[in-house]
Amino acid sequence: MNKPKDYQALPSKDREDNKLSTVIHNLNEDGNDDFILDSTTSEVCEDVKIPEVKTKKRSVYICVVFVKLGEIDTQKEKFAAEILIKSKWREPLLQDKNNMIGNTTKIDWNKMWNPKLFVENTLGEAKESRSKLVTIDSSGEAFMCENLRMKGDFVENLELKDFPFDVQDLTVKISSGRSPTELELLQDTVDLHHVQKQSFIDEQEWFLYNHIETEVDSHNETSNMDLTKIETLALQVRTGISRSDTLQKLCMKVKCRVARRFQFFIYNNFIPCFLICSLAFPTFSVDRLRPQNRLQLGFTLVLTTVAFKFVVNQRLPTVSYLTYLDKYVLGSVIILVAVCVAHSITPSLNDSIDLMIFIALSSIYVLLNLMFCASIYYFAFQQRRVMREKDRLYQINLVKQGANRQDPNMIIELNDK
């Protein structure tokens, strides 16, 4: 492709516009997005400055309904759920309500602007269905609405430091296929997020809270593209968006909370471990001059506790930190080892020192158990107290927002896609 005639004779501003026109012509002359940039085009485009294209963001209001919550798999770090994502945005093309009522069948949904929402953290292929409708609010403004119903497994990184007294987030991550320069994701203040507690299947193992929290952020999307300066320029010409913007992705995280019912672990893990470790202290009743008998009993208890810990670990994923249950079992093993060490040296001591060692070790053991229970109440249960307070505030907010909910009679049209 040749440079325009009298290119160098053009004024600087006209020369700049001519360069830009040359690039655009080269990109679009085939009528598609595929393009070939030759050396002449590269020379022309070397110092072209693309003017900023400022587009007004569309506000997309989202409401998430947890229709059904299934099994929460701690070991595989996933949960099963059926969710309904309701999104709506202003659509000026449908603003004339009177004309729209008579022509709803003629609406071409494919030509309407769409936020291209999808769920990031699904595991495998989830079943989904979409439907679209038009609503008119009390002020007469038209909204395009899209309902996405999805059923499947969702990935969740569980925080297990407080296990089995933990509170977990069950998160649905909603992203858009569009750039953050085109839209913003907002929580619907009329139709609030909510969860249907009566459909919670894992009620025996978890307690489901009422409140739901929302967090919106943007993150860089990893890309293997290595664009040259000219290709980056061409991308800007075609979309009006810089490359850094195209790698940004909006994400709305909608979280409901569940608390593990810890009574099972108290009865089946903590109490048996406490009793096994407590059996170490009656071994002091064996004659101190027979350390082999004392050590035999002590080693048996140590091996029993270690085997018990292996059984407990089968319930948990492999994590690089200690849970509350790990700390308790490990502390019990340390007490048993200390008792065995004491038994190995008592033959060289007298009876009074042997009695003092027994009192010291038993007192330490009781004190550690009391400190452990206190740490559970003041630290592990603190999050549960926070969740109860958030539930209370959420119920108050529901009462305040109840009168402002959208009238379902304002729905105009529903098309399943």
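Me: Where is the place of leucine 301?

Reply: This is a predicted model, in which local features need pLDDT of at least 70, side-chain atom pairs count only at pLDDT 80 or more, and totals for chains, interfaces and linings use all residues. Residues are numbered from 1 along each chain as its sequence is written, and side-chain values use heavy atoms, with hydrogens and water left out. Helices (H or I, at least four residues) and strands (E, at least two) are DSSP runs numbered from the N terminus. In these terms, the place of leucine 301 is in helix 7.

Me: Is leucine 301 buried or exposed?

Reply: Buried means under 20% relative accessible area, exposed means over 50%, and partly exposed is in between (1.4 Å probe, protein chains only). Leucine 301 has a relative accessible area of 12%, so it counts as buried.

Me: Which residues does leucine 301 touch, not counting residues up to four places away in sequence?

Reply: Contact means heavy atoms within 4.5 Å. Leucine 301 and isoleucine 276 are 25 residues apart in sequence, yet their C-alpha atoms are 6.7 Å apart in space. Isoleucine 276 is one of the residues touched. With the sequence neighbours left out, the list for leucine 301 is Ile276, Leu279, Ala280 and Leu336.

Me: How do helix 6 and helix 7 run relative to each other?

Reply: Axes are lines fitted to C-alpha atoms, for helices over the stretch in contact, and angles run from 0 to 180 degrees between N-to-C directions. The axes of helix 6 (residues 263-278) and helix 7 (residues 291-313) come within 10 Å and cross at roughly 170 degrees. Angles under 35 degrees count as roughly parallel, over 145 as roughly antiparallel, 65 to 115 as roughly perpendicular, and the rest as oblique. Helix 6 and helix 7 are therefore roughly antiparallel.

Me: How many nonpolar, polar and charged residues are in the contact of helix 6 with helix 7?

Reply: Helix 6 brings Asn268, Asn269, Pro272, Cys273 and Ile276, and helix 7 brings Leu301, Thr304, Thr305, Phe308 and Val312. Ala, Val, Leu, Ile, Met, Phe, Trp, Tyr, Cys and Pro count as nonpolar, Asp, Glu, Lys and Arg as charged, and the others, Gly among them, as polar. By class, the contact of helix 6 with helix 7 has six nonpolar, four polar and no charged residues.

Me: What is the bridge partner of leucine 170 in strand 10?

Reply: Two strands pair if DSSP finds at least two bridges between them. Strand 6 (residues 167-176) and strand 10 pair in the antiparallel sense over nine bridges. In strand 10, lysine 253 is the bridge partner of lysine 173. For leucine 170, the bridge partner is cysteine 256.

Me: How many residues of strand 10 are buried?

Reply: Strand 6 is largely enclosed by the rest of the structure, because eight of its 10 residues are buried. Strand 10 (residues 248-260) is mostly covered, and of its 13 residues the number buried is 11.

Me: What is the bridge partner of leucine 117 in strand 6?

Reply: Strand 3 (residues 117-119) and strand 6 run antiparallel and are joined by three bridges. In strand 6, the partner of leucine 117 is serine 176.

Me: Which residues have the most contacts inside the largest nonpolar core?

Reply: A nonpolar core is a set of buried Ala, Val, Leu, Ile, Met, Phe, Trp, Tyr and Cys residues joined through side-chain atoms within 4.5 Å. The largest nonpolar core has 40 residues. Its largest share, six residues, comes from strand 1 (residues 58-73). The residues with the most contacts inside this core are Ile62, Phe66, Leu69, Ile83 and Ile174.

Me: Is glutamine 196 buried, partly exposed or exposed?

Reply: The place of glutamine 196 is in the loop between strand 8 (194-195) and strand 9 (206-220). Leaving aside neighbours within four places in sequence, glutamine 196 is in contact with Val65, Phe66 and Val67. With a relative accessible area of 27%, glutamine 196 is partly exposed.

Me: Near what value is omega for the peptide bond from phenylalanine 163 to proline 164?

Reply: Proline 164 is found in the loop between strand 5 (142-155) and strand 6. The peptide bond from phenylalanine 163 to proline 164 is cis, with omega near 5 degrees.
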